[in-house]
Amino acid sequence: MRAARLIKMVLLLQSRPTMTASELARELEVSERTVTRDAQALSEAGVPVYAERGRAGGYRLVGGYRTRLTGLARGEAEALFLSGVPGALREMGLEDVASAARLKVSAALLPSLRDAPRTAAQRFHLDAPAWFREPAAPALLPLVADAVWDDRCVSARYRRGESEVARELEPYGLVLKAGVWYLCARVRGTASGAAAEKGAGAGAFRTYRIDRFVGAEALKDRFSRDEDFDLPGFWGAQAERFARSILRSEVVLRLSPAGVRALPHAVDPVAARDALGCAARPDGDGWVTLTVRVESEEVAHAQLRALGPEAEVVSPAALRERFTAEAARLTALYGVPGE
């Protein structure tokens, strides 16, 4: 009991600049005389507790003394920062160390904060996968995650089209995007296997879908991490570059004010942003003409349906004809209002 009380006393003093004997006695549920004895015991044990006399006096820790959470392993501490993503922890094989870390931290928290894990869980939950899909964690994800934490090189084989490609990688970071796991890594060696990956020379940073790995092995070698590497920044740039790369066709549209507002929800947000940034001035009816990049005519037809009568396809002619035919079918199905 006394050992726990002494630890609690140190944590209380660590959280406030100064506490009086009466304040400590009230928090610790002991007498002020016991507080005095406990302070002396801590001082004799090497904890720098200083007592100031007088009306404004009290007890304080000297020199910014801080206790340490002894027994908290590095892996547990790192996993703790991901504790709000339980599904991701489980898939990476870190659920047990995260649970142990939470228990250790909870035991060291001040009484007023010990309900923090419960209150946080009541107020925040992350469900990363998209709707209407049952995500399956890639079998090799725990191995890759271990290599990421340990800065250990990985030899990986993955599917690329109909072929397999082998790489030695320096695994820098993992990204969970809409239920799909990606590895951001730097290529360590040269291309091998049935197909060579364009632009994947040694030293290049690339992104790999882990569910396309058909084999992976952690190597003995560790790599020296480039401390300037910015994972969120790298991922953001890669994601935008990928989005732009698949938008190979263009559609000219006339949009009503409502259509302008709805465009970012109908087509790719990057394409919508670019198109709206270069749009012509509104005409006399408030409609604007703009050019939006799309993946294909088929995809554009499906996407632009959502805009209904708030959008008119100007070109290409083939896509306009599709909507003309579709409008005729809808008229035949529903009739003309007033008839």
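A salt bridge here is a side-chain nitrogen of Lys or Arg within 4 Å of a carboxyl oxygen of Asp or Glu. The model is a predicted one. By that rule the structure holds 17 salt bridges.

Start with Arg5 and Asp38. Their closest N and O atoms are 2.6 Å apart, and the two residues form a salt bridge. Arg5 has 19%, so Arg5 is buried. Asp38 has 1%, so Asp38 is buried too.

Glu52 and Arg60 make another of the salt bridges, with their closest N and O atoms 3.2 Å apart. The partly exposed class lies between the buried limit of 20% and the exposed limit of 50%. Glu52 counts as partly exposed because its relative accessibility is 29%. Arg60, at 27%, counts as partly exposed as well.

Now move to the strands. Glu170 forms a salt bridge with Arg186, and the closest N and O atoms are 3.0 Å apart. Glu170 belongs to strand S4 (residues 163–177) and Arg186 to strand S5 (residues 180–187). The pair links distant parts of the chain, 16 residues apart. Both Glu170 and Arg186 are buried.

Next come the rings. A pair of aromatic rings is described by the distance of the centres and the angle of the planes. The model has 10 aromatic pairs. In one of them, Tyr158 and Tyr208, the ring centres are 5.1 Å apart and the planes meet at 70 degrees. Planes over 60 degrees apart count as edge-to-face, so the Tyr158 and Tyr208 pair is edge-to-face. Tyr158 is in strand S3 (residues 152–160), and Tyr208 is in strand S7 (residues 205–209). The two are 50 residues apart, and their pairing links distant parts of the chain. Both Tyr158 and Tyr208 are buried.

Tyr172 and Phe229 also form an edge-to-face pair, at 4.8 Å centre to centre and 65 degrees between the planes. Where do these two residues lie? Tyr172 is in strand S4, whereas Phe229 is in the loop between strand S8 (213–222) and helix H9 (231–245). The pair therefore ties together parts that are 57 residues apart in sequence. Both Tyr172 and Phe229 are buried.

One aromatic cluster is formed by Tyr172, Phe205, Phe223, Phe229 and Phe234. A charge meets this ring as well: Arg225 lies over the face of Tyr172, at 4.8 Å from the ring centre.

Leu330, Leu333 and Tyr334 make a nonpolar surface patch of about 400 Å². Leu333 has its place in helix H13 (residues 317–334). Exposed means over 50% relative accessible area. Leu333 has 63%, so Leu333 is exposed.

Conventions: Residues are numbered from 1 along each chain as its sequence is written. This is a predicted model: local features need pLDDT of at least 70, side-chain atom pairs count only at pLDDT 80 or more; totals for chains, interfaces and linings use all residues. Side-chain values use heavy atoms; hydrogens and water are left out. Patches are made of residues with over 30% relative accessible area and no salt bridge: like charges are joined within 9 Å, nonpolar side chains (Val, Leu, Ile, Met, Phe, Trp, Tyr) within 5 Å. Accessible areas come from the Shrake-Rupley method with a 1.4 Å probe; for residues, only the protein chains shown count as cover. Helices (H or I, at least four residues) and strands (E, at least two) are DSSP runs, numbered from the N terminus. Buried means under 20% relative accessible area, exposed over 50%, partly exposed in between (1.4 Å probe, protein chains only). Rings of Phe, Tyr and Trp (its six-membered ring) pair if their centres lie within 6.5 Å; planes under 30 degrees apart count as stacked, over 60 as edge-to-face and the rest as tilted. A charge sits over a ring if NZ of Lys or CZ of Arg is within 6 Å of the ring centre and within 35 degrees of the ring normal.
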